[in-house]
Amino acid sequence: TVIPFVYNALSTPTHGVLVASQDNRFGLLDTEGEEVAPFIYSSISSFENGMAVYSVAPQTCGYLDTLGQAVIRSVYDRCEPFHDSLAWVGKMQDGELRYGTINRRGEQVIPFQYEAPGEHAAMDGLYKVKQDGRFGLIDRKGQVLATPQYDRMSVFSEGRLQVMKGLFFGFLDHTGQEVIPC
């Protein structure tokens with residue numbers, strides 16, 4: 001089957017689905033060119049881990065599955081891709097954007113309290129987070145392993161995470177304990 005030349009953009013297929021743009025609206029097609037999701041979206045990202053970020057209005061986002069279903073409603077101000085069954089999402093709270101995580105059912109896992117989406121710390125299930133301008137370490141359930149007190153935080157290498165407090169460097173282990181104090 002040949003998909004006709006009526007689309008402004010077509011992504012490469014992922015999970016048998018293509019993101020397509022037509023007349024400044026986005027929708028989903030299968031690899032035969034059949035519509036999977038209607039062209040009603042302001043944007044649709046590429047699929048990652050079976051989910052794509054979509055927006056209907058320019059300022060809100062949610063998630064579509066590969067069947068074109070809006071499985072998580074467009075209620076967030078920022079949406080990151082799913083990794084390890086969690087996605088970092090942002091919501092405006094008291095005039096400031098705060099991030100937390102949701103699971104694939106849209107249920108909140110980590111509360112909306114961080115200044116930026118958590119970054120994988122290169123160790124399974126651990127995230128470096130930023131709160132009040134300082135970095136800390138949490139696990140995928142939101143348990144704080146190292147309170148946000150560091151000016152800088154790198155990623156794990158050989159089981160150690162380099163941190164900086166003031167002018168001094170140190171290292172944390174995977175439990176958040178300082179094995180070499182700053």
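## About the model

Local features are reported at pLDDT of at least 70 and side-chain atom pairs at pLDDT 80 or more, while totals for chains, interfaces and linings use all residues of this predicted model. Residues are numbered from 1 along each chain as its sequence is written, and side-chain values use heavy atoms, with hydrogens and water left out.

## Nonpolar cores

Let's start inside. The largest nonpolar core has 12 residues: Met-51, Val-53, Cys-61, Tyr-63, Ile-72, Tyr-76, Cys-79, Phe-82, Ala-87, Val-89, Ile-102 and Phe-112. Here a nonpolar core is a set of buried Ala, Val, Leu, Ile, Met, Phe, Trp, Tyr and Cys residues joined through side-chain atoms within 4.5 Å. Buried means under 20% relative accessible area, exposed over 50%, and partly exposed in between, with a 1.4 Å probe and protein chains only.

Two or more residues of this core come from each of β6 (51-55), β7 (61-65), β8 (70-76) and β10 (86-93); strands (E, at least two residues) are DSSP runs numbered from the N terminus. Another core, of 11 residues, lies apart from it and includes Phe-135, Phe-156, Leu-161 and Leu-172.

## A four-stranded open sheet

Next, the strands. An open antiparallel sheet is built from four strands in the order β9-β10-β11-β12, where two strands pair if DSSP finds at least two bridges between them. β9 (78-79) and β12 (108-114) are the edge strands, each with a single partner, so one side of each has no neighbour in the sheet.

The antiparallel strands β9 and β10 are joined by two bridges. Cys-79 has Val-89 in β10 as its bridge partner, and both Cys-79 and Val-89 belong to the largest nonpolar core.

## Salt bridges

The whole structure holds four salt bridges, each defined as a side-chain nitrogen of Lys or Arg within 4 Å of a carboxyl oxygen of Asp or Glu. In one of them, Asp-151 and Arg-134 meet at 1.9 Å, N to O. This pair links distant parts of the chain, 17 residues apart: Asp-151 sits in the loop between β16 (144-150) and β17 (152-157), and Arg-134 in strand β15 (residues 134-139). Asp-151 is partly exposed at 28% relative accessibility, and Arg-134 is partly exposed at 36%.

Arg-98, buried at 17%, meets Glu-96 at 2.4 Å, N to O, and Glu-96 is partly exposed at 43%. Lys-128, buried at 11%, meets Glu-119 at 3.8 Å, N to O, and Glu-119 is partly exposed at 42%.
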